[in-house]
Amino acid sequence: MSGYGKKYEVIVVGAGHAGCEAALAAARMGRKTLLLTMGLDTVAQMSCNPAIGGLAKGHLVHEVDALGGEMGLNIDATGIQFRRLNMKKGPAVRAARAQADRMAYSARMKSVIEAEQLLDLKQGTVIDLLLQGGSVAGVRTREGLDFSAKSVVLTTGTFMRGLIHIGLNNYSGGRAGEPASMGLSERLREIGFKVGRLKTGTPARLASRSIDFSKLESQPGDPCIRPFSFLTEKIERTQIDCYIANTNERTHQIIRDNLDRSALFSGAIEGIGPRYCPSIEDKVVRFPEKNSHQTFIEPEGLLSGEMYPSGMSTSLPPDVQLAFFRTMTGLENVEIMRPGYAIEYDFVEPTQLQATLETRLVPGLYLAGQLNGTSGYEEAAAQGLLAGINAALKSRDEKELIVGRDQGYMGVMVDDLITQPTLEPYRMFTSRSEYRLLLREDNADQRLTPLGRQIGLISDRRWQVYQQKLSELGQGGGILSQRMIRPGDQKWIAALQLGELKNGLQLEAVLRRPEIDISQIAELFPELQELSDQVREQLEIAIKYQGYIKRQLEQVARFREYENISIPENIDYSQIESLSNEVREKLSEVRPTTLGQAGRIQGVTPAAIAVLHIFLRKH
C-alpha cells in the first residue's frame, strides 16, 4: 500500500445523499475534505423514487437547508413538479414534495461538489479503516492507496455486502448495475461493531410511450410553487403531470399465484424490510380485503422515457411483473425498461453511536444514512449533514453540535436511532415528534440557522436573508398587534363580516377568528401585502395556534430539566442495586448521556429513571 501524499482533515466514504451533505459541510467549514465514491457517475443518485420531500421528509429537507445544507437548493433547481401536501390539515403536518429530474439532480449536485474549493472528489472503493491508538486515522482503498485524516464519515448506503434479489435469482450488487462493497463490513465486525442485515426494494421502471395516459387520472403540480430552500426567491417553470393508476383483483390474483417465486415469500431474504413501504406482494397478502391499491406513475426526468410506479416495489420475477402490470387500466401494453428488485445489505446497529453520530467504539469515526438503518434520501441527508459538521468540529478540536428533539426532526431521528433497537428500516413521520407544532417547515430557519452561523456553515448571504425574514416578521407582528378596526370602520367590518362591533378590535384578534385568514386582512391593509407569503403564513400560524404553541413551549421547558442532567460516561450501572438486570443491561449497551435520553430507551421504566436520578444526585 502507498500513501496518496496529500493530507486531509475529513474523509467521507460514499457520495449518496448523506455523503454529499457530509462532504460539503466539512469543506464549507474550512476543512480539507476528501469524498470517495465507487463511481463518479452516480453522485447523489436517486436509486428509488425520483422525488424529494413528502410527509415529515419535507420537514427534514427544510432543516437541512436551514443549517446550511444543499438538498433544498438542489431540488429547487431540478424539480419538475412541486406540491404541498396536507394543506387541509394543521400547519404541523403540512409538507412540501417535489418530483425531481433524476439525472439533472445528480448532475447539479456533482457540479456543486466539484466547485467546492476545499473538497476533492475521487473514485475509489474503501475496503479498510486505518486506526491509530484506537482512533480512526484514515482509510485504505481497493486500488492500493491509503488516505489519512483525523475524522472519517462512512455513508455506504445499501452497498455493504449488497445482495440483489429478482425472483429466485440473486447476485451481488449495491444497486442495479453496480457492484457491492466487500471487505468493509467484515472490518467493522472485526473491530467489534454489531452489524445486522436489512432489506429494501424498488419497483420496475416503465416505458412512457407504452402507457395510455388518457385512461389514467392526471395529477398536476401546484399553480404557485413554494420553494424548499429559504434562499430560493421564486421558482417559475413549466411543471409536468404525474398520473394515478390502480391495481385490481386480476393483478392481485397473478401476485398470489406466484408468491412461491417471490424472494420475499420464498425465504431467500433474511433481512427485515420497511413496514411503512411494503412491496406489492406484501400489500396483497397483508390486506386481502382490499381489491385495489393506488400507484402514482411518476416521470424520472424531462429527457427520460422511464416512469416510476410508486408503491409497486417487488421481488417477483420479471415475467410476473410484466403480467401484473398489464392487468391495470392504461398499462395493458406496458413495457418494462428495468425490472423491480429487492436488495439486502449490512447496517451497523446505531445504538453504538453518540448523538453526534460518532461511534463510541472508534473516536473520529462517524456513520450516516442507510448504514445506520434508516430509509429515504431525506433521512440520509440530515444525518450526513450532522455527521459532516461534527467530523469537521472534531478535526478542529471544537465542541460538537447536537440537535435536540425540541430543535428539529433531525434531532428526533438521531435520538430515536441511538436509543431504540433497529427492528426495521427507520422512516421519519411527524408523529415521532412530541413537539411537532413547534417543528414546522416554515420556522426551520429560526430553529437552526443561528446554530449553523455559530459553527461557520451559514454564508453571509444566507444570514442576510434570515435577518430580513426576522425583520419582516417583526414588522408584520407590529401591524397586527397595533392596527385596529373600530366600530365606525363600516367598510372593513362589512368586508370581514364582523357583525356589530361595540369596541375596537386589534387585527390580531380578528385573525384569531377561525373563519378569517390573513389574506382577507391583507386585502384591506396594503402594508401586509408587502410581506412575503411565507412571512404572512407564519404570522397567521403564530396567532391562530398561540395557545397550543405556548403549551408545547412549557412542555419543552419541563423536558429540558431531564435533558440537562448529565450521566457520566464511565458510570457503572452494576453499582445501582435498585435497578433490574434488564435495565442495567439496556443502559450499559446504549450508554445514554442524559437522564432524558435514558428515559427513552426501550425497557427503561419511569421507576428506573427515578432510581437513576436519585443515584446521580447522591454521586
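**Figure 1. Strands S15 and S19 are antiparallel partners in a predicted model.** Strand S15 (residues 205-207) is joined to strand S19 (residues 306-309) by 2 bridges; two strands are said to pair if DSSP finds at least two bridges between them. Ala207 has Glu306 in S19 as its bridge partner. Helices (H or I, at least four residues) and strands (E, at least two) are DSSP runs, numbered from the N terminus. Residue numbers start from 1 along each chain as its sequence is written, and side-chain values use heavy atoms, with hydrogens and water left out. Because the model is predicted, local features need pLDDT of at least 70 and side-chain atom pairs count only at pLDDT 80 or more, whereas totals for chains, interfaces and linings use all residues.

**Figure 2. An open sheet of 6 strands contains S15 and S19.** The strand order is S16-S17-S18-S19-S15-S20, and the pairing is antiparallel. Strand S16 (217-219) and strand S20 (336-338) stand at the edges with a single partner strand each, so one side of each has no neighbour in the sheet. From one strand to the next, the twist averages 35°. Helix H9 (residues 318-325) lies across S15, S19 and S20 and runs at about 140° to S20. Axes are lines fitted to C-alpha atoms, for helices over the stretch in contact, and angles run from 0 to 180 degrees between N-to-C directions.

**Figure 3. An open sheet of 3 strands has the order S4-S6-S5.** The pairing in this sheet is antiparallel. Strand S4 (51-53) and strand S5 (79-85) are the edge strands, and each pairs on one side only. The twist averages 15° from one strand to the next. S4 is joined to strand S6 (residues 95-100) by 3 bridges, and Ile52 has Ala98 in S6 as its bridge partner. Helix H2 (residues 57-66) packs on the sheet and touches S4 and S6; the direction of H2 makes about 80° with that of S4. Contact means heavy atoms within 4.5 Å.

**Figure 4. Helices H3 and H4 cross at roughly 130°.** The axes of helix H3 (residues 71-78) and helix H4 (residues 102-115) come within 9 Å. The two helices are therefore oblique to each other; angles under 35 degrees count as roughly parallel, over 145 as roughly antiparallel, 65 to 115 as roughly perpendicular and the rest as oblique. Met71, Leu73, Asn74, Ile75, Ala77 and Thr78 in H3 meet Ala104, Tyr105, Arg108 and Met109 in H4. By class, this contact has 7 nonpolar, 2 polar and 1 charged residues. Ala, Val, Leu, Ile, Met, Phe, Trp, Tyr, Cys and Pro count as nonpolar, Asp, Glu, Lys and Arg as charged, and the others, Gly among them, as polar.

**Figure 5. Strand S12 pairs with both S13 and S21.** Strand S12 (residues 163-166) and strand S21 (residues 341-348) are antiparallel and share 3 bridges; in S21, Ala342 is the bridge partner of His165. S12 is also joined to strand S13 (residues 169-172), with 4 bridges between these antiparallel strands. Ile166 stands opposite Asn169 in S13. The hairpin of S12 and S13 has 2 residues between the strands, and in this hairpin Gly167 takes a positive phi near 65°.
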